[in-house]
There are 2 protein chains.
Amino acid sequence: MTDIEIAQRVTAKHIREVAAKLEITEDKLEYYGNEKAKLPLDLIDEEKVDKSNLILVTAITPTPAGEGKTTNVIGLSDGLNLIGKKSVVVIREPSLGPVFGMKGGAAGGGHSQVIPMVDINLHFTGDFHAIAMANNLLAALIDNNLQSKTKNLGIDPRSVIWKRCMDMNDRALRNIVSGLSGKTGGIPRETGFNITAASEIMAILCLCKDLNDLQEMCGNIYIGDTFDGRAVYAKELNSSGAIAVLLKDAIKPNLVQTLEGNPALIHGGPFANIAQGTNSIIATKMGMSLGEYVITEAGFAADLGAEKFLNIKCRKAGLSPKAVVVVATIRALKYHGGKSLDALTNEDLEALEKGMPNLEKHIESIQSFGLPVVVSVNSFSSDTDAEKQLIFDHCEKLGVPVSISNGWAEGGAGCTDLAEKVVEAAASCASDFTPTYDLKDAPLNKIEKICKTIYGADGVELTAKAKNQLKRFEDLGYGNLPICMAKTQKSLSDNEKLIGRPKNFDIHIREFEIAAGAGFIIPIAGNMLRMPGLPATPSSERIEIDGEGEISGLF
Amino acid sequence: MTDIEIAQRVTAKHIREVAAKLEITEDKLEYYGNEKAKLPLDLIDEEKVDKSNLILVTAITPTPAGEGKTTNVIGLSDGLNLIGKKSVVVIREPSLGPVFGMKGGAAGGGHSQVIPMVDINLHFTGDFHAIAMANNLLAALIDNNLQSKTKNLGIDPRSVIWKRCMDMNDRALRNIVSGLSGKTGGIPRETGFNITAASEIMAILCLCKDLNDLQEMCGNIYIGDTFDGRAVYAKELNSSGAIAVLLKDAIKPNLVQTLEGNPALIHGGPFANIAQGTNSIIATKMGMSLGEYVITEAGFAADLGAEKFLNIKCRKAGLSPKAVVVVATIRALKYHGGKSLDALTNEDLEALEKGMPNLEKHIESIQSFGLPVVVSVNSFSSDTDAEKQLIFDHCEKLGVPVSISNGWAEGGAGCTDLAEKVVEAAASCASDFTPTYDLKDAPLNKIEKICKTIYGADGVELTAKAKNQLKRFEDLGYGNLPICMAKTQKSLSDNEKLIGRPKNFDIHIREFEIAAGAGFIIPIAGNMLRMPGLPATPSSERIEIDGEGEISGLF
């Protein structure tokens, strides 16, 4: 059965029953239909946050074979609930753009899904669209100011770094010239669109404390320079109030359920290769106020998602996870060991052995933060006993607990062993994590620490352009911000062809961007795109809906 | 008090209570919070539709003085409920773009508003954003096809007429060049954005019967030509299923309430100067299935909104209103009589007398359809008894009932006299309306009939370009479609400076567009823009929201 068929066969609980499990009274719920509700920020209780166990799920370097990280998050949380722990899934909202491209849904898979999966993958409660409108209002105000006679800030149109955004895979919008057709059309300039998940407003929504904090952060967005070189900020356009009004509902986390009727908060969705890659601080703290365990994820592998989750999000929020689960599959490890995609279902201990260093590197990275690690091997029917034994032996050598998880086929019941091991690991956690760098370190020093400690690089090289940009950002007073690396997710290095555990490489920073509102410096390694395109055969071609509203071909 | 202050002081009913007034059971409601719900299409009952009284509210030619048409719709419906008639407001959803421009809200005013007015004016239930995504998915698929190696339809990039859209006043997006930056950026071409209210998908949503019908109509959208001149349709991109999935919730009408707790359906929002300018057929029929009276509006004056409401929407839906209310204000009539804006509060019988022909022309237009007319004079404190008497005398001479309505200050209680007169007029309605033209008339003949009968023009002139385009559309088999005029709303003519009742003028058709999916030919008279801009001081600058979520400066 496909994911959508499995999801359609489950009778969802009314969301009020799911809320009741968390002792949320009905007056707190803002329904979006019977299966979704927005929750108010006053459910956050810092005392309860301190007592809750935050568990991060990360993964090995992703391969075309897939790792099933979200499936593992959901299976683990259902497993914890089965063994009597009150656990809440807290994850990101999927982006709509990739749904019509290639990727399919991002709400788990098999028997470990969050529902209503179709809605979650489409407009959900409108958060992404609200973020896009806030992003684009700021852009419209900038262009309007460029042609203003009375309130002109003197912004150099060539310097404007603020782009528009849309939750669509649309490469033709990546680079455009806007403002054409003479005097009524505005001031022509080069600009473009990012996908909404890459918007700084998305990053801010996920890092702010509340609506006031969001307003202040949005006011600090750096939009460009005047002709005489002064930095211009969003607050100079008096835009923060209107932006906050557009986001008054989007700032509230969304409550849904797993296929087993357990609670899940889904909120915010920055990508992990170009932004901080994890759900909102607000949702994480709310989950921790409501459950003994919060199971969350950070995008892609530990070098991207987990690093930023810890050094950016947890540092800013004053949170520290109690344990980190690293998800791997035997298929993907064999791929890292050099086996070709079409042969991954054949037993191959040699390839598996050769692929293990990728897992080892990510384990070491998590250990560099001083956090307990549990390895979860996401089970496939093609896995052989010998292959499983090889992984077990390896992990034993590393002193890391390992579990075969089977959330896809069995839901929570396939993850109770993992759940037990996670509980044990969390109980063993003695102290808060140690960040990779100090905020007071010089920016280049912070970048070097990430590249060496987390990626295993020898060093960092900056282009002349990048050096100038970094100097400018330091001059503007941003030297104390954390670093949000933009790097390929396909390799520990910045060369996507280097799978496994690459050695003897440098990281090349082509240029820098700044998210002055969200509060991080973005070094861009290689050729990262912030607006994806559609493939030759977009998945939209397969999607159908009949007169009764029954959907097929979506996932 | 401002509109927002009045609205904030009213305690809204739970939407389930509003639904109960219409005998809608709770299982039919899809809540969006406590004050909004989506309704399923199976609430439409054609037998009940046949028995219900559809009342159209239109107006004189709009002026900067304002007429208060939506306020009158809401006041009239509340008034009907006060005199014991089961009446439902059925109107369009406001566009978000103008909220940050100049216009303020579009949810009525004073004591005749629909609530929750802030939500209704912002993202509401996400319908506009869903429409924009559907529109923009089609655009992304077109650009993706332009560069396709295996499935290329051979579309000439210069011929693509399908534009992207966004619910934002953003003139810089009106004309752009997309697809820049070399091979990965797509095929460069000139294109642009419309505001979402101007999207053909919006027009389709408002004219379709159900999701199947919507899919078929969306497939018929004409997107451009191949290099050898063949017309290309959206269905060739296999896009209709995905578009329908994106619109599966947007197709359902939204139930809210008036300040007096009476039901209002708000659904769809095409502009009236460039599209058909009225809410969805689905919502109108649903309202008629639920109430004895449905009070609806069509945008701008009778020459635009009412003409299209009847000749396009009602013809397509098989509906006929029982009476038409023409809203006027003494201030606006004096403006049409030549009085300057800053002196409209002074009594001036001469200016009022000189302005009356505008009202008379719109009354004649409605009478040309064979429908009963009621004039509603929207009351202002500056109106004098002598001025009111002048209007009454005029209307008596014309044999048209007239009422002073005061919905703004008094809500339904200020509109009971109007309500009585509307009931009487509806009871007098002997037959269905007579369209201005027959669908089998040649397109140019249809246009001439509209221009002569409704605008009072002497004739129609087409540019050479327009003639060629019309020939092409006739060759493609669109000769039997109805006409959707795009013309300034500020004058009965195509010259916005000619207020009052202009005479001895021709209508000049600059060019044609075709909405092959929605099913109408669009003659464009003069310089109509489909993407507005922001003013020198955007209203967004005044908007604030505090930590408790209290909003100010919005309206």
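Helix α10 of chain A, residues 281-290, is mostly covered, with 10 of its 10 residues buried. Keep in mind that you are looking at a predicted model. From this helix we move to the nonpolar core, a site taken from a record, the contact between the chains, and the salt bridges.

**A covered helix and the nonpolar core**

- The buried residues of α10(A) include Ile281(A), Ile282(A), Met286(A), Met288(A) and Leu290(A).
- Lys285(A), Thr284(A) and Ser289(A) are also among the buried residues of this helix.
- In soluble globular proteins, nonpolar side chains tend to be buried together.
- The largest nonpolar core here has 378 residues, and the members that touch the most others are Leu76(A), Leu214(A), Ile223(A), Leu76(B), Leu214(B) and Ile223(B).
- Leaving out residues up to four places away in sequence, Ile223(A) has contacts that include Leu138(A), Ile142(A), Ile155(A), Trp162(A), Val232(A), Tyr233(A) and Leu237(A).

- Is Ile251(B) buried or exposed? Ile251(B) counts as buried because its relative accessibility is 3%, and buried means under 20%.
- You can find Ile251(B) in the loop between α9 and β13 (254-258) of chain B.
- Among the residues that Ile251(B) contacts, neighbours within four places in sequence aside, are Leu41(B), Leu205(B), Cys208(B), Leu214(B), His267(B) and Ile282(B).
- Gly268(B) is 17 residues from Ile251(B) along the chain, and their C-alpha atoms are 8.5 Å apart.

**A binding site from the record**

- An unreviewed UniProt entry places a "binding site" feature at Thr63(A), Pro64(A), Ala65(A), Gly66(A), Glu67(A), Gly68(A), Lys69(A) and Thr70(A).
- Gly68(A) sits in the loop between β3 (53-59) and α4 (69-82) of chain A, while Thr70(A) belongs to helix α4 of chain A.
- Gly68(A) counts as partly exposed because its relative accessibility is 27%.
- Which residues does Gly68(A) touch, not counting residues up to four places away in sequence? They are Val327(A) and Asn378(A).

**Where the two chains meet**

- Chain B gives 67 residues to the contact, and chain A gives 67 residues.
- About 5800 Å² is buried between chain B and chain A, and carbon and sulfur atoms give 63% of that area.
- Met133(B), Val245(B) and Ile545(B) supply 11% of the area that chain B buries against chain A, more than any other three residues.
- Polar contacts join 27 residue pairs between chain B and chain A, both residues being at pLDDT 80 or more.
- Elements that each supply at least two residues to the side of chain B that touches chain A include α5 (117-121), α6 (127-146), α8 (211-219) and β22 (544-545) of chain B.
- Of these, α6(B) gives the largest share of that side, 9 residues.
- How many salt bridges cross the interface of chain B and chain A? The rule finds 6.
- One salt bridge pairs the side chains of Lys248(B) and Asp119(A), 2.8 Å from N to O.

**Salt bridges within the chains**

- Side chains of opposite charge can pair when their charged atoms come close.
- Over all chains, the structure holds 58 salt bridges.
- In chain A, Arg501(A) and Glu364(A) form a salt bridge, and their closest N and O atoms are 2.9 Å apart.
- This pair links distant parts of the chain: Arg501(A) is in the loop between α18 (464-475) and β20 (506-515), and Glu364(A) is in helix α13 (residues 349-368), 137 residues apart.
- Both partners are partly exposed: Arg501(A) has a relative accessibility of 24%, and Glu364(A) has a relative accessible area of 35%.
- In chain B, the side chains of Asp42(B) and Lys28(B) meet in a salt bridge of 3.1 Å, N to O.
- Asp42(B) lies in the loop between β2 (37-38) and α3 (46-51) of chain B, and Lys28(B) in the loop between α2 (15-21) and β1, 14 residues apart.
- Asp42(B) is exposed at 52% relative accessible area, whereas Lys28(B) is partly exposed at 26% relative accessibility.

Conventions:
Residues numbered from 1 in each chain as written. Chains lettered and ligands numbered in written order. Predicted model: local features only at pLDDT ≥ 70, side-chain atom pairs only at ≥ 80, totals over all residues. Heavy atoms only, no water. Core = buried A, V, L, I, M, F, W, Y, C linked by side-chain atoms within 4.5 Å. Buried < 20%, exposed > 50% of the residue type's maximum accessible area, 1.4 Å probe, protein only. Contact = heavy atoms within 4.5 Å. UniProt positions renumbered as here; feature names shortened; annotations may be inferred. Helix = DSSP H or I, 4+ residues; strand = E, 2+ residues; numbered from the N terminus. Buried area = accessible area lost by both parts, 1.4 Å probe. Salt bridge = Lys/Arg side-chain N within 4 Å of Asp/Glu carboxyl O. Polar contact = N/O pair within 3.5 Å; in protein donor to acceptor, adjacent residues only side chain to side chain.
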